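Please take the sequence and the structure together, and follow the explanation below with both in view.

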Amino acid sequence: MSELPLWEVFIRSQHGLAHKHVGSLHASDAQMAMAHARDVYTRRNEGVSIWLVRSADITASAPGDKDALFDPSNDKVYRHPSFFPMPEEIKHL
Amino acid sequence: MTAYEPKVECLLRLGDTALVLGHRLSEWCAHAPVLEEDLALSNTALDLLGQSRRWLTYAGELEGKGRDEDDLAFKRDTHEYRNVLLVEQDNGNYADTLARQFYFDVWHQLVLQHLTSSGDKRVAETARQALTEVTYHVRRSSDLVIRLGDGSEESRRRMQAAIDEFWIFTGELFEVDEADQAMIGEGVMGDVRLLKDAWCARVTEVIQQAQLRLPPASAMRSGGRRGVHSELLGYLLAEMQFLPRAYPNTKW
């Protein structure tokens, strides 16, 4: 079954949090991918919601572009909102 | 033949059936065709094991001989087991395992739905707990029967052969004997004969959707519920019971 399309799996671990990439799997269509995602990635009560995306539908940045894309922000510390005190009770920022 | 009280008998039938099928499915662990299916079958096996523990624990308490779930699982011989013959059949190829599972899951869901209105609160609660798991099982096995039946030429041929092969074990699922009658009378268990039409309708629907043909009518085999098993159960128990029999009372 290795010729089946690859899918990327995203799980929301609890309400209020964002879906997070947890891994991938092979499945012929969305319905089968959903069943497999449930069986492979939520066996230990990991989540409350699943998103699936065909890996082929993801556009990824090229590793060779790393310098051009990301280096320019390296020395611009003033873009970080790190000069404000944050209240303790605000989580997940 | 060992005789049990009617209620213990009926609870053992539920518990043993879940236990034996759970063990059969666990035999696929690390041998399934793909990783995703391997985990899915192991999940189902664990669901069934959990359900069997609850039925067997209750059976042991009612029996009143001080036997717990482990005693009942590991210290009974084949003639004392009460599972239906369907679930002790060998795994065969993947289509065989799925056909067996599909016939069982559709029946299991109907039986548990029926038992949620049992007059025995513990039976009703155990059935209710199991039902969410089984709702997923039946969806999964139905889906795969359709995919393989309506798949390639080879998968269609194998799925048809498997659907035909296990058909003869489905009659036993709807048998009612004196023990069942007694429990139906007390409102503890449901009358499985009333579920047969719903089972046939659901099974027919899936088989047709899978572009397969219904198995031809044939003589049904039964006996497991009375403790009359094929030799297959002996091999299964030999493996399942080896450790506690070889090393009694051993702990992790």
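Predicted model: local features only at pLDDT ≥ 70, side-chain atom pairs only at ≥ 80, totals over all residues.

Taken along the principal axes, the box filled by the C-alpha atoms of chain A is roughly 50 × 40 × 15 Å. Of the 93 residues of this chain, 12% count as buried, and among its contacts between residues at least 6 apart in sequence, 45% join residues at least 24 apart.

In chain B, helix α8 spans residues 178-185, and its buried residues are B:Ala179, B:Asp180 and B:Met183. Seen down the axis of α8(B), these buried residues fall within an arc of 95°, and they therefore line one face of the helix. B:Glu178 and B:Gly185, on the other side of α8(B), are exposed, while the cover over the buried residues includes α1 (6-26) of chain B. After α8(B) comes B:Gly187, which has a positive phi, near 75°.

Where the chains meet, 8 residues of chain B are in contact with 8 residues of chain A. On the chain B side, the elements that give two or more residues are α2 (35-63) and α6 (121-149), and the largest share, 4 residues, comes from α2(B). By class, this side of chain B has 4 nonpolar, 1 polar and 3 charged residues.

Key. Residues numbered from 1 in each chain as written. Chains lettered and ligands numbered in written order. Contact = placed C-beta atoms within 7 Å. Nonpolar A, V, L, I, M, F, W, Y, C, P; charged D, E, K, R; others polar. Buried ≥ 20, exposed ≤ 12 C-beta atoms within 10 Å, placed from the backbone. Arc of directions from axis to C-beta.
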